Amino acid sequence: QCVAIKGPPLASASVTSSRPCLATFWHYAKVELVPPTPAAIPKAIDHMKAMVKSFPSGHFAQLTVKEALRNGLVATGVLLWFYIGELIGRCSLIGCNV
């Protein structure tokens, strides 16, 4: 009985309080989660080429701590998503069945 009495007002209050947060989330999701356009792919390739060329010259040593930390977090995220994808593909935590 307690759930039947207090449930609907509690659900209504939670929906009302979450609307601004969800509106902000959807605003940024529409902008940031869009797949790359064909015009963005050559720009990304050029950026990667510039990064590879700057590595032997030691330009990476001129990064600020904030930039280096951000780059490290992005690389860690990419590796973790790769690892999670591999786990899903294998359907197991242990290696392939031989």
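A residue is called buried when its relative accessible area is under 20%, exposed when that area is over 50%, and partly exposed in between. In this predicted model, N71 has a relative accessible area of 41%, so the residue is partly exposed.

**Position of N71**

N71 belongs to helix α3. Although N71 and I41 are 30 residues apart along the chain, their C-alpha atoms are separated by 20 Å. L80 also lies in helix α3, which covers residues 65–90. Together with W81, I84 and I88, L80 makes a nonpolar surface patch of about 470 Å².

| Helix | Residues | Length | Span | Expected span |
|---|---|---|---|---|
| α1 | 2–32 | 31 residues | 43 Å | 45 Å |
| α2 | 40–57 | 18 residues | 26 Å | 26 Å |

In α1, the span is close to the expected value. This helix bends by about 40° at R19, and the proline P20 follows within four residues. Of the 31 residues of α1, one is buried, so the helix lies largely in the open. In α2, the span is likewise close to the expected value. After α2 comes G58, which has a positive phi near 85°.

**Confidence of the prediction**

The average pLDDT of the chain is 84, and 94% of the residues score at least 70. Confidence is lowest in α1, with a mean of 85, and highest in α3, at 89.

Technical notes:
Residues are numbered from 1 along each chain as its sequence is written. This is a predicted model: local features need pLDDT of at least 70, side-chain atom pairs count only at pLDDT 80 or more; totals for chains, interfaces and linings use all residues. Side-chain values use heavy atoms; hydrogens and water are left out. Patches are made of residues with over 30% relative accessible area and no salt bridge: like charges are joined within 9 Å, nonpolar side chains (Val, Leu, Ile, Met, Phe, Trp, Tyr) within 5 Å. Accessible areas come from the Shrake-Rupley method with a 1.4 Å probe; for residues, only the protein chains shown count as cover. A salt bridge is a side-chain nitrogen of Lys or Arg within 4 Å of a carboxyl oxygen of Asp or Glu. Helices (H or I, at least four residues) and strands (E, at least two) are DSSP runs, numbered from the N terminus. The expected span of a helix is 1.5 Å times one less than its number of residues. The bend at a residue is the angle between axes fitted to the seven residues ending there and the seven starting there. Buried means under 20% relative accessible area, exposed over 50%, partly exposed in between (1.4 Å probe, protein chains only). pLDDT is the predictor's confidence in each residue, from 0 to 100.
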